[in-house]
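Dear colleague,

Please find below the structure I promised to pass on, followed by my notes on what was found in it.

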Amino acid sequence: MFQNLKNLDTAFRHVKYLSFAVTLGSLCLSGYLGMKAIQATQAAQERIYILAEGKALEAFSATKKENIPVEARDHVSMFHHYFFSLSPDENFIREQVSKSLYLADGSAKKVYDNLRERGYYTEIVSANMNQTVETDSVSISMDSYPFDFRFYGKQKIIRPTSVVTRSLITKGRLRHIDRTDQNPHGFLIENWETLSNETITVQKR
């Protein structure tokens, strides 16, 4: 009889220890899963989704340092697009050039003033000319600051009787400024000058 009681007491202790171990394990697992759930919720809240053509696309953030070469090249391309993409409309020309001048310093304004004094923009309007520019490449030197750049592209001038294609090579420097609605990349082009603007082809229309 005493042996049975001893066995019963041993079995009870085993069950107690087992129950304690199971309870402790459950608490640890619950805590781990709760922590992971909180981390997943926080990560989901930090994500930004962009709606494009009815589809939600996740946007990933990155530091400006990682994006400097990409943003710099786009800044240079957009400046040349605004400065050289012109139509025979005075208001349109003024708007385009104004957009470009937000992206550059007085060196671009000086070029604009020289072209205007020579009657270049008046000729575009009077001769019904369209002018576009296509970017071939933009090289940025990240070795020193301000960053030196070179722009390589093709300028196309469409006249009523011909289409003229010219090579366009320019250079300048980029420095950081505050981002604005007119200058979203936060760069300013300095010491901008044209190195080459030679005619490649002339096609009759």
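**Surroundings of Ser 87**

Leaving out residues up to four places away in sequence, Ser 87 touches Phe 92, Ile 93, Ile 124, Met 129 and Asn 130, where contact means heavy atoms within 4.5 Å. This is a predicted model, in which local features need pLDDT of at least 70 and side-chain atom pairs count only at pLDDT 80 or more, while totals for chains, interfaces and linings use all residues. Residues are numbered from 1 along each chain as its sequence is written, and side-chain values use heavy atoms, with hydrogens and water left out.

Ser 87 sits in the loop between α2 and α3, helices being DSSP runs of H or I with at least four residues and strands runs of E with at least two, numbered from the N terminus. With a relative accessible area of 23%, Ser 87 is partly exposed, because that class lies between buried, under 20%, and exposed, over 50% (1.4 Å probe, protein chains only). The C-alpha atoms of Ser 87 and Thr 132 are 8.7 Å apart, although 45 residues separate the two in sequence.

**Tyr 152**

Tyr 152, which lies in strand β4, is likewise partly exposed, at a relative accessible area of 30%. Beyond its neighbours within four places in sequence, Tyr 152 is in contact with residues including Glu 134, Asp 136, Leu 168 and Ile 169. Between Tyr 152 and Ser 77, which are 75 residues apart along the chain, the C-alpha separation is 9.5 Å.

Best regards
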